[in-house]
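Here are a few friendly notes to read alongside the model. Please keep the structure open as you go through the points.

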Amino acid sequence: MRRYSRAQIRNTAKELITTYHLQVPIDLELLVRELGGDIRDTNGTDEPEGYVKLIREDPSRKFEIGINRSLPPKRQRFTLAHEIGHYILHLKEPDPDYIIEGGEIREKPLFRAGWEQIELEAHEFAGELLMPYEEFNKQLKEDPEKPIEERLKVVAERFNVSKPAARVRAQWLGLYPWKNDLLS
Ligand SMILES: [Zn+2]
């Protein structure tokens with residue numbers, strides 16, 4: 001199975017942003033269209049949170065992403081970024097040693113609790129795509145006199161992500177402590 005380094009994942013997301021002239025907040029629907037994909041709405045608690053599959057029978061469509069619309073909008077947005085990650089990293093040019101059966105990846109109901117390699121990669125890709133490193137880093141360091149919680153709130157709004165998602169991103173980038181004594 002192909003394994004991507006963190007740098008490779010960051011660069012892959014960056015390349016997409018540059019190629020399609022995307023700006024924060026990243027327009028994921030536009031990106032899916034540019035890549036030749038479609039988004040299908042699903043609903044209901046027995047449906048997966050999201051899925052992505054290759055379309056082989058229709059040359060005008062390359063892939064389809066399903067998003068469960070019964071979940072909160074920011075969670076849907078993160079899921080969409082995650083599914084784009086699966087398409088780019090795991091389906092578009094599949095590794096011959098690791099063919100994904102049927103060209104389709106369906107999320108388990110609580111996929112974020114799973115730590116399989118492709119899930120980690122898609123998750124990391126989603127963070128890089130929604131909160132591009134340089135810009136996130138720069139914006140979070142604006143107004144350093146303001147408390148970090150306030151800055152996180154502002155940055156989360158600018159990037160159109162949930163505050164917990166922005167916090168986790170800040171933690172991974174070393175901009176926020178893993179253990180916050182104020183919250184414990
Ligand atoms: Zn996944």
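What does the domain assignment of the chain give?

1. The chain is assigned domain 1 (6-130) and domain 2 (132-184), with bounds taken from an automatic or database domain assignment. This is a predicted model, where local features need pLDDT of at least 70 and side-chain atom pairs count only at pLDDT 80 or more, while totals for chains, interfaces and linings use all residues. Residue numbers start from 1 along each chain as its sequence is written.

2. The centres of domain 1 and domain 2, taken over C-alpha atoms, are 24 Å apart. Between them, 12 residues of domain 1 are in contact with 10 residues of domain 2 (C-beta atoms, placed from the backbone, within 7 Å). On the domain 1 side, α1 (6-19), α3 and α4 (117-130) each give two or more residues (helices are DSSP runs of H or I, at least four residues, numbered from the N terminus). Of these elements, α1 gives the most, with 4 residues.

3. Now for two helices: α6 (residues 148-159) and α7 (residues 163-172) pack at about 110°, with axes 9 Å apart. Axes are lines fitted to C-alpha atoms over the stretch in contact, and angles run from 0 to 180 degrees between N-to-C directions. α6 and α7 are therefore roughly perpendicular (65 to 115 degrees). Residues making this contact include L152 and F159 of α6 and A166 and A170 of α7.

4. Finally, a look at one residue's neighbours: leaving out residues up to four places away in sequence, L129 touches A13, L16, I26, A81 and I84.

Methods. Contact = placed C-beta atoms within 7 Å. Parallel < 35°, antiparallel > 145°, perpendicular 65-115°, else oblique.
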